[in-house]
Amino acid sequence: MVNVHLTITGRVQGVGFRWGTLRLAQRLGITGFVRNQADGTVYVEAQGQDEAVATFIRQLAAGPTPYAIVDQIKQTTGPRADYGDQFTVRA
């Protein structure tokens with residue numbers, strides 16, 4: 001089990017990025033959350049099995065929606081957290 005914190009830059013706001021991220025996380029069995037940041041980036045905390053999280057990050061890098069363009073993903077590792085067994089979109 002791994003917990004990662006991602007800061008994603010590019011054309012990632014106003015293109016359905018958070019909702020595409022939610023659907024992707026649900027499909028892969030990942031818990032955590034996604035939210036827009038005031039600086040135009042998207043922040044994600046994702047927790048799950050190592051391979052599922054690696055797949056999640058690869059698919060985010062490709063853009064979870066047709067209109068998203070990801071320039072960069074900065075990744076750090078976080079401590080395991082209790083996300084209530086779900087992945088959510090936060091304001």
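Predicted model: local features only at pLDDT ≥ 70, side-chain atom pairs only at ≥ 80, totals over all residues.
Residues are numbered from 1 along each chain as its sequence is written. Local features need pLDDT of at least 70 and side-chain atom pairs count only at pLDDT 80 or more, while totals for chains, interfaces and linings use all residues; side-chain values use heavy atoms, without hydrogens and water.

The largest nonpolar core has 22 residues. Such a core is a set of buried Ala, Val, Leu, Ile, Met, Phe, Trp, Tyr and Cys residues joined through side-chain atoms within 4.5 Å, where buried means under 20% relative accessible area (1.4 Å probe, protein chains only). The members that touch the most others are Leu6, Ile8, Phe17, Ile30, Val44, Phe56 and Phe87. At least two core residues come from each of strand E1 (2-11), helix H1 (17-28), strand E3 (42-48) and helix H2 (50-62). Helices (H or I, at least four residues) and strands (E, at least two) are DSSP runs, numbered from the N terminus. H2 gives the largest share, five residues.

Now to the aromatic rings. Rings of Phe, Tyr and Trp (its six-membered ring) pair if their centres lie within 6.5 Å; planes under 30 degrees apart count as stacked, over 60 as edge-to-face and the rest as tilted. Three aromatic pairs are counted by this rule. The pair of Phe33 and Tyr43 is tilted, because the ring centres are 5.9 Å apart and the planes stand at 50 degrees. Phe33 belongs to strand E2 (residues 31-36) and Tyr43 to strand E3, so the pair ties together parts 10 residues apart in sequence. Both Phe33 and Tyr43 are buried. With Tyr83, Phe33 and Tyr43 form one aromatic cluster.

Technical notes
Buried < 20%, exposed > 50% of the residue type's maximum accessible area, 1.4 Å probe, protein only.
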